[in-house]
Amino acid sequence: MAVNNMLKTLAATGLVVASSAYAQEPIAGAGIKATPMSKFTNVSQAMLNNATKDGKNWLLPNGSYDQTRHHRYHKSTLVTCQSCARRLYSRRVLLSRWRQHRSSLTA
Amino acid sequence: MFVTTSYNHVYAINAVTGEQYWHYKHKIGPVSTYCCGPNNKGVAVSEGKLFMGTLDAKLVSLDAKTGKLLWETEIADPELGYSETMAPSVANGKVLIGTNGGEYGVRGFVKAYDANSGKLAWTFHTIPEKGHEGVWAENDATGRNMKRDIAAEKAALAKGGGDFYKTLGGGVWMTPAVDVKTNTVFFVVGNLSPDLYGAERPGDNLYTDSIVAVDLNTGNYKWHYQYVAHDVWDLDAVSPPILVDVKDKNGKMIPGVIHGGKTGHIYVHDRSNGNLIRFSEPMVSQEGLWTLPTKQGARMSLGANGGVEWSPMAVNPGLRLAYAVNLEQPMT
């Protein structure tokens, strides 16, 4: 009986400890060492002022001082009808050439 | 890319590969009262530094490259109900941050700190010591009568005085917008304390439920516009303001500032003086406005969670369209 009570007390204590640890904060990042950044860009005031026009970065919490949250995609990453068509065309050309190559091997 | 998580962790990760560079964990003080949950809305970044507000009402500056703590300062006393979950902003060497705690009897503010030293540059209190009773507005921003008993309010103010400004609330939850051309900071002010019981706080309760403009260099007041005076419904202003060119009443394009309210309207202001140019049709049901709280309970739609709540609006300047997420939720 006494052992049972002791176990119950221990279990209850464990629950309290577990719940209080959870309620405070999770333990994160344990064992992860800092890795030096290979490339670092300093965010200048000029960059912040022009954040609205920046197609590569999201520099302020709401995108820019205007807070429109409107991101102007950089041309190289913007997927347009034209770029889609170009990629599809390239894929078709490549597929066609590969099929020609394959048929030449089997011939 | 810099990411914050609950309980004030900051992670620096490679945005292409997901590789983690460093991780900073803020040591939160023993006493911390906060609403609503231990969330954090992000960091500000400038000139090799990061800035984060913490649950225990501190502002920390980190080396953006290494995550090393550069400086830390207490914004306000967390034991008095102050806490931070908003993302600060940084402009022209000043870090701008408001405060949570409107539910816990704080006196709200926006503060500016020197980005290099952490030294306080200025404080703008969202509850003025004098004049918080305002103009005894009878109508809301859309012109509808709010059924206030203004005679009783005036009598209560005359009898009890206006000392309640010290605990009237007026938190600033969201990142301010900044017009760097005119050195102006725009922010919205949240709910009152107590938020649903108005007898202890007669008057308009300025600048709660308002959009406010102050000077970036000094924090001096420029203008304000209040949407709901003497709010007893928790229909405060909490969605980040947006700077965008708008048409004035004569159809001329001018610099404007817009805000999506818990009331379900988008309000369009002249950025230079705060004048309300127009407001949108309601985006959610509006039934029984303005029903006053009763002991038995009375149903009203709008609800305290919005309309437009914390979810930021967005604007596509090319299409000239504003987008707002709303919540349809009556309250009793």
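Trainee: What should I know before I start?

Mentor: The model is predicted, so local features need pLDDT of at least 70 and side-chain atom pairs count only at pLDDT 80 or more, while totals for chains, interfaces and linings use all residues. Residues are numbered from 1 along each chain as its sequence is written, chains are lettered from A and ligands numbered from 1 in the order in which they are written, and side-chain values use heavy atoms, with hydrogens and water left out.

Trainee: Okay, how many aromatic pairs are there over all chains?

Mentor: A pair of aromatic rings is described by the distance of the centres and the angle of the planes. Rings of Phe, Tyr and Trp (its six-membered ring) pair if their centres lie within 6.5 Å; planes under 30 degrees apart count as stacked, over 60 as edge-to-face and the rest as tilted. Over all chains, that gives eleven aromatic pairs. One of them is B:Phe51 with B:Trp71, a tilted pair with 6.0 Å centre to centre and 40° between the planes.

Trainee: Which strands hold B:Phe51 and B:Trp71?

Mentor: Strands (E, at least two residues) and helices (H or I, at least four) are DSSP runs, numbered from the N terminus. B:Phe51 is in strand β5 and B:Trp71 in strand β7 of chain B, 20 residues apart, and the pair links these distant parts of the chain.

Trainee: Are B:Phe51 and B:Trp71 buried or exposed?

Mentor: Buried means under 20% relative accessible area, exposed over 50%, and partly exposed in between (1.4 Å probe, protein chains only). Both B:Phe51 and B:Trp71 are buried. Now look at B:Phe186 and B:Trp223, a tilted pair with 5.9 Å centre to centre and 50° between the planes. B:Phe186 lies in strand β13 and B:Trp223 in strand β15 of chain B, so this pair ties together parts that are 37 residues apart in sequence. Both B:Phe186 and B:Trp223 are buried too. There is also an aromatic cluster, formed by B:Phe124, B:Phe187, B:Tyr207 and B:Tyr221.

Trainee: Which ring does the charged end of B:Lys41 sit over?

Mentor: A charge sits over a ring if NZ of Lys or CZ of Arg is within 6 Å of the ring centre and within 35 degrees of the ring normal. For B:Lys41 the ring is that of B:Trp310, with the charged end 4.4 Å from its centre. B:Lys111 lies over the face of B:Phe109, 4.6 Å from the ring centre.

Trainee: Which cysteines form a disulfide?

Mentor: A disulfide is a covalent bond between the sulfur atoms of two cysteines. The rule used is a pair of cysteine sulfur atoms within 2.5 Å, and the search finds one disulfide over all chains. B:Cys35 and B:Cys36 form it, with sulfur atoms 1.9 Å apart. B:Cys35 counts as buried at 11% relative accessibility, whereas B:Cys36 is partly exposed at 45%.

Trainee: What area do chain A and chain B bury between them?

Mentor: The size of an interface is often given as the accessible area lost when the parts come together. Here buried area (1.4 Å probe) is summed over both parts, and chain A and chain B bury about 2,800 Å², 54% of it on carbon and sulfur atoms. In chain A, A:Met37, A:Tyr65 and A:Gln67 lose the most area to chain B, together 22% of what that side buries. Counting contact as heavy atoms within 4.5 Å, 32 residues from chain A and 42 residues from chain B take part.

How values were computed: Buried area = accessible area lost by both parts, 1.4 Å probe.
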